[in-house]
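Here is a friendly briefing to read with the model open in your viewer. It goes through the sheets, the pockets and the salt bridges in turn.

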Amino acid sequence: MASPLTVGNTRVKEARKLSRRSVRTERRLFLADGPKAVEGALEIPGCVVEVFATPTATHDYADLCKRAPQLTLLEDRALASLSDSVSPAGVVALCRHVDVPLSALAGGRARPTSILVICADVRDPGNAGTVIRTADAVGAVGVVLAGQSVDLYNPKTVRASVGSVFHLPIALEPDSAAAVAAAREAGYTVLAADGAGEIDLYAADLGRPTAWLFGNEAWGLPPDLAALADERVSIPIHGRAESLNLSTAAAVCLYASASAQRAAGRTP
């Protein structure tokens with residue numbers, strides 16, 4: 001067995017450069033940290049270029065390592081330099097970008113069971129990753145990171161998704177209004193999650209193909225963008241909490257839609 005590569009190795013240094021968004025964008029490569037992320041990446045043909053693992057991880061995650069197109073051993077310190085996790089699991093995949101064009105999500109006609117998620121200017125990578133994970137859990141057709149949203153390939157976004165970035169299509173659209181327009185043209189009813197919305201979530205018609213529009217964590221949706229939605233929907237607050245965290249609000253809305261579609265007999 002070859003000796004594990006060290007922190008100072010040129011290949012490790014090059015992989016470490018992917019911590020910068022500009023490098024990820026230029027090379028169209030990113031790092032997926034942890035067994036769940038690596039497993040998800042390996043399910044996509046051609047996505048994984050190489051898997052880095054510590055000697056211990058090759059035993060702990062033997063099945064994953066066997067599926068790697070190329071396996072490279074790293075010392076613990078070298079592997080930790082490629083991870084932003086407090087306690088690295090010891091396995092990281094070098095992956096090609098997986099985002100799809102907006103037309104791949106909203107270019108056809110919405111199916112009766114369709115739920116689409118549009119995140120406009122969502123800046124926190126943990127929130128973005130959690131929304132992607134929730135969208136995956138409810139069976140959404142995909143997610144659009146629109147406007148000035150956080151980089152899909154930010155290590156914290158990938159980690160927070162727990163592999164879901166590899167499970168459903170995700171589009172990157174710099175124009176939030178264009179994402180909303182594409183969803184409407186595809187037959188989705190666009191619902192803006194808005195604390196000042198005129199329709200209560202419990203009273204909204206959620207049995208239709210729905211595109212949920214979520215805004216920034218701090219200031220929500222700009223009025224001009226919210227106005228593009230078919231309806232603005234608020235989540236009832238029964239206690240004394242002022243509001244809900246973005247990812248929590250998204251989970252409530254997405255599961256409400258999934259439940260309504262199931263009740264309407266529009267799920268398999």
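Strand 9 and strand 11 run parallel to each other and are paired over two bridges. Within that pairing, Ile-199 sits opposite Val-233 of strand 11. Please keep in mind that this is a predicted model.

- Another open sheet is built from four strands in the order 1-4-2-3, with mixed pairing.
- Its edges are taken by strand 1 (29-33) and strand 3 (71-73); each pairs with a single strand, so one side of each is left without a neighbour in the sheet.
- From one strand to the next, the twist of this sheet averages 25°.
- Strand 2 (residues 48-53) pairs with strand 3 in the parallel sense, over three bridges. Ala-53 has Leu-73 as its bridge partner in strand 3.
- Helix 3 (residues 35-42) lies across strand 1, strand 2 and strand 4 (91-96), with an angle of about 35° to strand 4.

**The largest pocket**

- The volume of the largest pocket is about 510 Å³.
- This pocket is lined by 22 residues, and the closest to its centre are Ala-193, Asp-194, Gly-195, Leu-244 and Ala-249.
- Strand 11 (231-234) and helix 12 (246-263) each contribute at least two residues to the lining of the largest pocket.
- By residue class, the lining of the largest pocket has 11 nonpolar, eight polar and three charged members.

**The second largest pocket**

- The second largest pocket holds about 270 Å³ of space.
- Its lining consists of 16 residues, with Arg-21, Ser-149, Asp-151, Leu-152 and Leu-172 nearest the centre.
- Helix 2 (21-27) and strand 7 (170-173) each provide at least two residues of the lining of the second largest pocket.
- Six nonpolar, five polar and five charged residues make up the lining of the second largest pocket.

**Salt bridges**

- The count of salt bridges comes to 13.
- Arg-28 and Asp-99 meet through their side chains in a salt bridge, at 3.5 Å from N to O.
- Arg-28 is in the loop between helix 2 and strand 1, while Asp-99 is in the loop between strand 4 and helix 7 (102-106), so this pair ties together parts that are 71 residues apart in sequence.

How values were computed: Residues numbered from 1 in each chain as written. Predicted model: local features only at pLDDT ≥ 70, side-chain atom pairs only at ≥ 80, totals over all residues. Heavy atoms only, no water. Pairing = 2+ DSSP bridges. Axes fitted to C-alpha atoms, helices over the stretch in contact; angles between N-to-C directions. Contact = heavy atoms within 4.5 Å. 1 Å grid on protein atoms, 1.4 Å probe; cavity = no way out; pocket = protein on both sides within 12 Å on 5 of 7 lines; lining within 4 Å. Points joined across faces, edges and corners; volume = space filled by probe spheres on them. Nonpolar A, V, L, I, M, F, W, Y, C, P; charged D, E, K, R; others polar. Salt bridge = Lys/Arg side-chain N within 4 Å of Asp/Glu carboxyl O.
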